[in-house]
Amino acid sequence: MSHASGRARYTVALAGNPNTGKTTVFNALTGLRQHTGNWPGKTVAVAEGVYVHEGVSYRVVDLPGTYSLLSTSPEEEAARDFICFGGADVTVVVTDATCLERNLNLVLQITEMTPKVVVCLNLVDEAERKHVFVDAKELSAELGVPVAPTVARTGQGIPELMDNVAAVASGHVVTRPLQVTYGREVEALVACIESSLREVVPKAAPWLSPRWVALRLIDGDPGLIRAIDAALDGQVPPDVNPRRVTRSVVAKGGIPA
């Protein structure tokens with residue numbers, strides 16, 4: 001993937017389910033300052049562009065539309081890897097206000113990866129025509145990240161979306177994403193692994209959540225674990241081996257044998 005601008009101060013990943021108007025949001029943000037290419041080593045198309053807001057430049061990478069980041073299609077892998085390892089300062093998740101519930105799975109997967117997230121609540125005009133009204137402030141409070149209502153087709157809400165991206169990218173707004181819990185056994189395992197990662201991850205890969213890294217180590221995807229280890233400069237402590245931690249937690253009575 002080539003870069004639209006090497007001088008942009010911040011990089012924004014644009015994620016979302018298919019048919020949420022994500023490409024329209026991308027076009028509204030970047031206008032004609034964009035180009036497309038292929039993801040390195042994959043046949044997955046990617047578009048990249050830039051915009052300037054309040055004198056600050058932002059590089060925007062339009063990720064492939066996906067319903068999930070957990071399976072192994074090339075599109076999902078490309079989106080997941082860029083959010084995790086592409087150096088994104090902020091990830092904008094574009095959602096469809098007419099069917100928000102089906103989009104929230106991806107939002108929660110991404111907020112589990114990184115706290116620096118802004119939700120773009122797109123197609124609010126279509127939702128209102130269907131008598132669907134979403135309280136953006138309440139949704140923001142529930143998710144723990146900013147939510148910007150937009151109608152990207154007309155440009156409505158795009159300046160506010162840019163404001164939110166700027167606030168999260170610069171650190172003026174600190175998000176506190178909703179945390180999904182997975183039951184006592186998994187949580188006991190996560191707590192043990194996460195405690196060993198709390199010093200390593202913020203130093204080597206501050207954009208990643210130690211909790212998300214712990215969950216992926218438990219998943220055991222060899223390719224993703226190699227990528228995580230590389231992102232952490234090979235500093236994954238040997239005592240975070242999930243099998244070893246499982247034995248330790250079981251020995252302490254945290255997980256039923």
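User: In which strand is the place of Ala13?

Analyst: The model is a predicted one. Its chain comes to 11 helices and 7 strands. Ala13 falls within residues 10-16, and that run is strand S1.

User: Is Ala13 buried or exposed?

Analyst: The relative accessibility of Ala13 is 0%. A residue under 20% is taken as buried. Ala13 therefore counts as buried.

User: Which residues is Ala13 in contact with, leaving aside its neighbours within four places in sequence?

Analyst: A contact needs heavy atoms within 4.5 Å. With neighbours within four places set aside, the partners of Ala13 are Val61, Leu63, Phe82, Ile83, Ala88, Val90, Thr91 and Val92.

User: How many Å apart in space are Ala13 and Gly86, C-alpha to C-alpha?

Analyst: In sequence, 73 residues separate Ala13 and Gly86. In space, their C-alpha to C-alpha distance is 8.7 Å.

User: How far does helix H6 reach from its first C-alpha to its last?

Analyst: H6 covers residues 158-170, which is 13 residues. At 1.5 Å a residue, the expected value is 18 Å. The reach in the model is close to that, at 18 Å.

User: Which residues of H6 are buried?

Analyst: Buried here stands for under 20% relative accessible area. In H6, the buried residues are Ile158, Leu161, Met162, Val165, Ala166, Ala167, Val168 and Ala169.

User: Which residue follows H6?

Analyst: The residue after H6 has a positive phi, near 90°. That residue is Gly171.

User: How are H1 and H6 oriented, roughly perpendicular or roughly parallel?

Analyst: The axes of H1 (residues 22-30) and H6 come within 10 Å and cross at roughly 85°. Angles of 65 to 115 degrees count as roughly perpendicular. H1 is therefore, relative to H6, roughly perpendicular.

User: Which residues make the contact of H1 with H6?

Analyst: The residues of this contact divide into 6 nonpolar, no polar and no charged. From H1 they are Val25, Ala28 and Leu29, and from H6 they are Ile158, Leu161 and Met162.

Methods:
Residues are numbered from 1 along each chain as its sequence is written. This is a predicted model: local features need pLDDT of at least 70, side-chain atom pairs count only at pLDDT 80 or more; totals for chains, interfaces and linings use all residues. Side-chain values use heavy atoms; hydrogens and water are left out. Helices (H or I, at least four residues) and strands (E, at least two) are DSSP runs, numbered from the N terminus. The expected span of a helix is 1.5 Å times one less than its number of residues. Buried means under 20% relative accessible area, exposed over 50%, partly exposed in between (1.4 Å probe, protein chains only). Axes are lines fitted to C-alpha atoms, for helices over the stretch in contact, and angles run from 0 to 180 degrees between N-to-C directions. Angles under 35 degrees count as roughly parallel, over 145 as roughly antiparallel, 65 to 115 as roughly perpendicular and the rest as oblique. Ala, Val, Leu, Ile, Met, Phe, Trp, Tyr, Cys and Pro count as nonpolar, Asp, Glu, Lys and Arg as charged, and the others, Gly among them, as polar.
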